[in-house]
Amino acid sequence: MLKFIFFLIVLMKYGKEWRKVQSGVFLLSFLFGVNCYHNFNVYSLGFMLGMDYISYIMVYLSLWIMSLVLLSSQKVKSYDNFSSSFLIVNLLLLVSLILTFSSMDYLLFYISFEASLIPTLILILGWGYQPERIQAGVYMLFYTLAFSLPLLGSLIFFSYFSGSTVISLSSPVDSSGWVGLFWYFATILAFLVKLPMYMVHLWLPKAHVEAPVAGSMILAGVLLKMGGYGLIRVLILFQSVKLSMSWLWVSIGVLGGAFISLMCLRQVDVKSLIAYSSVAHMGLVLCGFMLSSLWGVEGGVIVMVGHGLCSSGLFCLANIMYERTGSRSLLISKGLLSFMPSMGLWWFLLSVSNMSSPPTLNLLGEISLIVSVLGWSKLTMLGLSMLAFFSAAYTLYMYSLSQHGLFYNSLYACCSGKVQEYLVLFFHWFPLNVIILNSSVMMI
């Protein structure tokens, strides 16, 4: 792992040479896939870093999304909007993500988990659009920090009692009684906010709406997945209490997802709609992780990867629409099929991926999650059916309202799409629909 991190640090020296950094991150994602094998339990151990299967998938996703982020942020380079600083901030964010997903120690994991917040905040405040980005950044900062302080106390408490914070050496703690319950909640709340769970999700739409395209893509593609990854890592410590509390999280995940899906149907800002749809998808992932069944955890990991690729592509499309029309409102940016007919195909392909149509990874993951949740209780059938139906409803609403209808009169002509934009969208769509042909790659 250290050689990949060292390679990224070397790339920071070429902050003014956009093509070299861009090609370097693409090359690094290729080398990572070639160098790391698919049949390991724990691999590349050293300096408290290492990878198991889930870490490998998440690091690969981080490298892939970051290379696409740099490819889709050419406007920063063409306008010379502090492009060297932009590259360095993104590479620092990538280093913190790799450290987070490959940490073999809980305290190192916590430090790198929190360190990723700083480059994200700089991206939103430095390259965001409206003055409201300051409020969005403060929301994100305080939501994350307020709930991560109990996690730090919990990990120090755990280190005092067990004598070690190494993940592979940790054993389940005695979580009986009120102290155990309080300890359990203090540990998982930071990850529930990052996921984000319904009721602590208000920072996400604000951050997405005000963030530049790079911030939105990396936030939806990778940063939300840190919450699910953290849950996998810490729930092994609380074997007894997590089963007794699963009813709470399944209820919030299923019903909250259904409520958020209804919220999506009344959004007119396309970035806000995609952000709220992320909360609905992550509600189902929360159910799978909290039930801790094999189907649930596998389905959760698959949906995290599928959603990361799909929502990142949708945010890229929303940015392309914003660059042409100057607005993110679906009331103004209508009839895009007349102006950008070729881009309509990518809107369609990524929209059907968002509603979990075959042959996407989202379908495979959601089938596993639905089976897992229904196996736990048949009562969840009503909430799951609402979630599935409204997921299709708001995606169709977004697609039909943006592509059809009377176009904006002030828009006389615009570029239908550049090769580079089609390339970014293809690199989002291709792995999303092709990995399912060898789905055992995604199974734990």
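Trainee: How many helices and strands does the secondary structure of the protein come to?
Mentor: This is a predicted model. Its secondary structure comes to 21 helices and 2 strands.

Trainee: What radius of gyration does the protein have, against what the globule rule gives for 444 residues?
Mentor: For 444 residues the globule rule gives 22 Å, and the value for the protein is close to that, so it is as compact as a globular protein of that length. The C-alpha trace spans about 70 × 55 × 45 Å along its principal axes. The radius of gyration is 21 Å.

Trainee: Is Gln 403 buried or exposed?
Mentor: Gln 403 lies in helix H20, which covers residues 381-403. Beyond its neighbours within four places in sequence, it contacts Gly 335, Leu 336, Leu 337, Gly 344 and Trp 347. Buried means under 20% relative accessible area. Because its relative accessibility is 2%, Gln 403 counts as buried.

Trainee: Is Phe 30 buried or exposed?
Mentor: Phe 30 has its place in helix H2, residues 18-35. With Leu 27, Leu 31 and Val 34 it forms a nonpolar patch on the surface, and together they have about 380 Å² of accessible area. The cut-off for exposed is over 50%. At 52% relative accessibility, Phe 30 therefore counts as exposed.

Trainee: How many residues are in the largest nonpolar core?
Mentor: In soluble globular proteins, nonpolar side chains tend to be buried together. Among the residues with the most contacts inside this core is Trp 249. Leaving out residues up to four places away in sequence, Trp 249 touches Tyr 184, Ile 188 and Met 290, among others. The largest nonpolar core has 145 residues.

Notes:
Residues numbered from 1 in each chain as written. Predicted model: local features only at pLDDT ≥ 70, side-chain atom pairs only at ≥ 80, totals over all residues. Heavy atoms only, no water. Helix = DSSP H or I, 4+ residues; strand = E, 2+ residues; numbered from the N terminus. Buried < 20%, exposed > 50% of the residue type's maximum accessible area, 1.4 Å probe, protein only. Contact = heavy atoms within 4.5 Å. Patch = residues over 30% accessible without salt bridge, like charges linked within 9 Å, V, L, I, M, F, W, Y side chains within 5 Å. Areas by Shrake-Rupley, 256 points an atom, 1.4 Å probe, with all protein chains shown as cover. Salt bridge = Lys/Arg side-chain N within 4 Å of Asp/Glu carboxyl O. Core = buried A, V, L, I, M, F, W, Y, C linked by side-chain atoms within 4.5 Å. Rg over C-alpha atoms; globule rule 2.2 N^0.38 Å.
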